[in-house]
Amino acid sequence: MEKWFLLFILFGQQAFGLTPLEGVILGKIQQDDQFDPMKTVFERKSQNKDVTDSELMLRNYLAFYQSGENLKNSCDKYTTPFRYASPWLQSQAEQTVLATLQYMALDLQVRAIAKYAKHLEYTSSDYNRLVDNIIQGYCSKNLTVYSLKLLKQNLLDKFENNNSFNLPNWNNSPHFPENLQSLSQSNFARTNEFNYTLKGFRAFCSWSGSVDDFRLLDVYLQNPHLMSYVFQHMDGKESYFDYTSHQLKYRSSQDTIQVLCKNGICRKADYKSFEKLFPRMMGSSSLKSDLERLYCQRFSQINIDNKSPLPVIAKWKNERTLESINLERSQLIALITGAPDLLNSVEKYVDLVRLLKSNINQRLSKWAKASLNQFSNDMYYEESLQFQVMPKNARFENIRGKYHIDVEVTLGEIDRGTELFDKLTAYYSLKFPKSFLDWAKKEYMAAKHSGKTYRIENFEKQIQEYVKNQLINKEKRFVVLPWDQEKNPGGNLEKIITPELLRQLELTDEKFFAKNVNDFVEVPVEFHYGNFALKYLRYRFNKVYR
C-alpha cells in the first residue's frame, strides 16, 4: 500500500520542504514567516474556504490511508495472545469480520461492474452473458450475505436502470493536470479497472464462509487499510480528516454496515443488535480493541500461498503475481475512496515519469501567471535590468557560418545565479548580406593584426551602427520595451551584440563566404529572462497599460 500511496502523492500533490504531511496532501500551509517570492509556486491560488468535491475526496483518501497506518501501528501494544471463551466464539467473530468485508466489497463491485460495462458500451446481450458467466463461474454456492439470485438481479438492474455510482476519477481537480485527468478516464484505464474489479468480484464471491479456508481473500485480510475501513463500519464509526487541526478524527455514523454471522449464516444487521451479539474476547475493553487484536494477531499473520483443496481456486491463486495482487487491492480501494489508481492509466511504468513532469509543468505555469499579476504589489525595484551576452561555445557551427547570440536579461543576484535553461526564452533574428559579413570579417582581422586599438574601436562602431538600425526595427516585437525608447533607442544592445558577432565571424571558414555570395545570413538573438526580470517587466506593463 505504501508504494501505491507514494505514487499518488508524487502525481497529485505539491512538494514542500520540511512540511508536515497533512499540509502537503491538502495544499493548505499557513506561514507567518518573512515573505518568500517562491512561496506560491506550489500553493493553491483559491482562498475559498468551501470544500470542493475533489478536495473532500482527497481528505477521505488521507483519512482512509492514515486509519490503516494507525491500525498497523496499534499492533505494537498487543503483546499477549487474545482468548475467546470457546473456539466456536472465535470462529463466529472471524466469520463476521470476513462476511462484513465480503458484503461491503460485493456491494461496491456490483454497482461498479454495471457502470464499467455501460462506459465500455457493452450491449445488453453481452452484459447478460457476462453476468451469467461470473455468477456461475466465480460464486460459491454457500454465499449467505447475498443470495445468488439477488446478486444477479442487482447486477442486471444496475445496468438497465439508473446507476448513480461514480467511477473513480479526478475530474476538475486542481491537484492533477488536464492530460492526466483525461488519461485516467480513457478506455485503456477503464478497461484495466474493469478487469481488476472483476478479479476482485471473483475473490469475494468465491469465499464459502469458512474461516479455515480464506481462499482468495487472504491478500485482502492482510491489508491494514482495508481492514481498518471494515472495522470502523463494524464499530459504527467513520474517519475524517479535520481541516482545522490537520488531524485524523472519528465520529459516530448512522451510515455504516454491520453483518452478523451465526451457525454459518451471515446477514446484515443494525448496529444495536450487532454490538449486543458480536462475540467478544475474554477481558475485552472495547469492540475496537477486539477488532485490532484480531487483525494484529490473526489476519496480518496469514501465510499467503497458492494452495487450495479446490483445483479452480488453486488455479486462480497460481495466476496471481505481486503486481496483480496490488492492483486488484488498489482497485477496491479506488472504489471505496473514489481516487483512481494512476498505474491503470499507463501501458509502461516508465510513462509515469512523463506524467509526473506534466503535473509539475502545469503547476509551475499556473504559479508563474498568478505571480506575475502580483509582482507590482510584492516587490520594490532597487536594481536595474542587466543585459549580458553569454559567450557560446559553438566553434564547429561558427566555422560553417552558423551564428547564435544569447542575451541574458536579469534583475538581481538570484536571476544571475539561475542557469540559462531555467529562464524564459524569446528570440528574433538579425539579417546580414553574406557579402557584408565577408567584408566585416576581413576588416576586423586586418584591424586586429595592425595592433592599433583605435582602429579596432572605430571599426566596431561602424558595425554597431549597422546592427543598431536592425535592433530599432525589432522594437515593435516587444509588448513592453525593457529600455526607454526615446532616450535610448535600441537599448544600446548593439554594444554587447557586436563583439560577440565579430568573435563568431572570426572563426568562420573562408569557404563559407565563397558560395552563394548574394545570400542573406540569419543571426538568431535569443533573450533569456530571469524570474525577477519578468516580474519587473510585468510591473512596467501594468503601469503603462492599466
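Tyrosine 466 is partly exposed, at a relative accessible area of 30%. The model is predicted, so local features need pLDDT of at least 70 and side-chain atom pairs pLDDT 80 or more, whereas totals for chains, interfaces and linings use all residues. Residues are numbered from 1 along each chain as its sequence is written, and side-chain values use heavy atoms, without hydrogens and water.

Tyrosine 466 belongs to helix α19 (residues 453-474). Helices (H or I, at least four residues) and strands (E, at least two) are DSSP runs, numbered from the N terminus. Leaving aside neighbours within four places in sequence, tyrosine 466 is in contact with Phe432, Pro433 and Phe436; contact means heavy atoms within 4.5 Å. Glutamate 494 is 28 residues from tyrosine 466 in sequence, and their C-alpha atoms are 8.7 Å apart.

The largest nonpolar core has 76 residues. Such a core is a set of buried Ala, Val, Leu, Ile, Met, Phe, Trp, Tyr and Cys residues joined through side-chain atoms within 4.5 Å. Phe201 and Phe299 touch the most other members. Helix α4 (residues 87-119) gives the most to this core, with 16 residues. Beyond four places in sequence, phenylalanine 299 has contacts that include Glu94, Val97, Phe214 and Met227. Another core lies apart, with 37 residues, among them Tyr428 and Phe527.

Helix α8 (residues 187-205) has 19 residues, and 14 of the 19 are buried, so α8 is largely enclosed by the rest of the structure. At 1.5 Å a residue, α8 should span 27 Å; its end C-alpha atoms are 26 Å apart, which agrees. The expected span is 1.5 Å times one less than the number of residues.

Helix α3 (residues 53-74) packs with helix α10 (residues 224-234) at about 95°, with axes 7 Å apart. That makes α3 roughly perpendicular to α10, a term for angles of 65 to 115 degrees. In this pairing, residues of α3 including Phe64 and Leu71 meet residues of α10 including Met227 and Phe231.

Two residues stand out by backbone angle. Most residues other than glycine have a negative phi. Arginine 215 has a positive phi, near 55°, and sits in the loop between α8 and α9 (218-221). Arginine 215 is buried, at 14% relative accessible area. Asparagine 516 has a positive phi of about 50°. Asparagine 516 is placed in the loop between α21 (510-514) and β8 (520-529), and counts as exposed at 53%.

Methods: Axes fitted to C-alpha atoms, helices over the stretch in contact; angles between N-to-C directions. Parallel < 35°, antiparallel > 145°, perpendicular 65-115°, else oblique. Buried < 20%, exposed > 50% of the residue type's maximum accessible area, 1.4 Å probe, protein only.
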